[in-house]
Structure formats: C-alpha cells, structure tokens
Amino acid sequence: MQNTVSALNPSGSRHQLKTDDETVYAFEKNNMNGSDMVIPVFNFSNNKKTATITLSSDVSLSMIYDAFNDQELNYKCQN
C-alpha cells in the first residue's frame, strides 16, 4: 500500500490525533509536499468500536475506507 498511496511513504509529516478511547490510535500522515494525506486509525481492542477522532479544522474527508475488510465505512462529521 505504501507504493500506491504517496502519503504512506516514510518521508513527510506525521502527527497523532486525539481520540476519545485509549484503545483507538489515529494519526495524520502527509506526503513530503503536503498534497496527499491519509488518516490511519487502529483499534487495539478485541471488539468493534465507535470512536471520535479530533481532526484539525482544515481537514475535509472524502471517504473512510477499511483496508483490512476492503470496504468503505460510514462516518459523521461534527463541527
């Protein structure tokens, strides 16, 4: 997946995002010039979770995708 999504390349910036659950880890990862971004989210519990992730105000989502199960997920944005 690193070769197909430039934001997953080791170079570029990365910072942890705030979540409402200590078993959920999320971070924002950008490519070197900032034109491509992904937000990997990891659930480290044994159960399915609903989690709130605090994004910066200049982020807009086009979709949320579950790479392990190959499906798009539902999401709700709150201001």
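Predicted model: local features only at pLDDT ≥ 70, side-chain atom pairs only at ≥ 80, totals over all residues.
Me: What is the average pLDDT of the protein chain, and which strand has the highest confidence?
Reply: The chain averages a pLDDT of 81. In all, 90% of the residues score at least 70. Confidence is lowest in strand E6 (residues 64-66), at a mean of 76. The highest value, 90, belongs to E1.

Me: How many helices and strands does the protein chain have?
Reply: Read along the sequence, the pattern is β-β-β-β-β-β-β. The chain has zero helices and seven strands.

Me: What percentage of the residues is buried?
Reply: The protein chain exposes about 6,500 Å². Carbon and sulfur atoms supply 46% of that area. Of the 79 residues in the chain, the buried ones make up 19%.

Me: What share of the contacts with a separation of 6 or more comes from residues 24 or more positions apart?
Reply: Take the contacts in the protein chain with a separation of 6 or more. Residues 24 or more positions apart account for a share of 27%.

Me: Which residues do ring pairs link into a cluster?
Reply: The count comes to three aromatic pairs. One of them is Phe27 with Phe42, stacked at 6.2 Å centre to centre with 15 degrees between the planes. This pair links distant parts of the chain, with Phe27 in strand E2 and Phe42 in strand E4 (residues 41-43), 15 residues apart. The cluster linked by ring pairs holds Tyr25, Phe27, Phe42 and Phe44.

Me: What is the angle between the planes of Phe42 and Phe44?
Reply: Phe42 counts as partly exposed, at 31% relative accessibility. Its ring forms an aromatic pair with Phe44, 6.1 Å centre to centre. Stacked means planes under 30 degrees apart. The Phe42 and Phe44 pair is stacked, with an angle of 25 degrees.

Me: Is Phe44 buried or exposed?
Reply: Exposed means over 50% relative accessible area. Phe44 has 61% relative accessibility, so Phe44 counts as exposed.

Me: Which residue has its charged end over the ring of Phe27?
Reply: Phe27 counts as buried, because its relative accessibility is 8%. A charged end sits over the Phe27 ring, 3.9 Å from its centre. That charged end belongs to Arg14.

Me: Which side chain is joined to that of Asp21 by a polar contact?
Reply: Asp21 is in the loop between strand E1 (14-19) and strand E2 (24-30). Its relative accessible area is 17%, so Asp21 is buried. A polar contact of 2.6 Å joins the side chain of Asp21 to that of Thr23.

Me: How far apart in space are Thr50 and Asp21, C-alpha to C-alpha?
Reply: Thr50 lies in the loop between E4 and strand E5 (53-54). Thr50 is exposed, because its relative accessible area is 77%. In sequence, Thr50 and Asp21 are 29 residues apart. In space, their C-alpha atoms are separated by 9.0 Å.

Me: Which backbone oxygen does the side chain of Ser45 reach?
Reply: Ser45 is in the loop between E4 and E5. Its side chain is joined to that of Asn43 by a polar contact of 2.8 Å. At 3.0 Å, the Ser45 side chain reaches the backbone oxygen of Asn47.

Me: What distance separates the C-alpha atoms of Ser45 and Thr23?
Reply: Along the chain, Ser45 and Thr23 are 22 residues apart. Their C-alpha atoms are separated by 5.8 Å.

Terms used
Residues numbered from 1 in each chain as written. Heavy atoms only, no water. Helix = DSSP H or I, 4+ residues; strand = E, 2+ residues; numbered from the N terminus. Buried < 20%, exposed > 50% of the residue type's maximum accessible area, 1.4 Å probe, protein only. Polar contact = N/O pair within 3.5 Å; in protein donor to acceptor, adjacent residues only side chain to side chain. Phe/Tyr/Trp six-rings, centres within 6.5 Å; stacked < 30°, edge-to-face > 60°. Lys NZ or Arg CZ within 6 Å of the ring centre and 35° of its normal. Contact = heavy atoms within 4.5 Å. Areas by Shrake-Rupley, 256 points an atom, 1.4 Å probe, with all protein chains shown as cover. pLDDT = per-residue confidence, 0-100.
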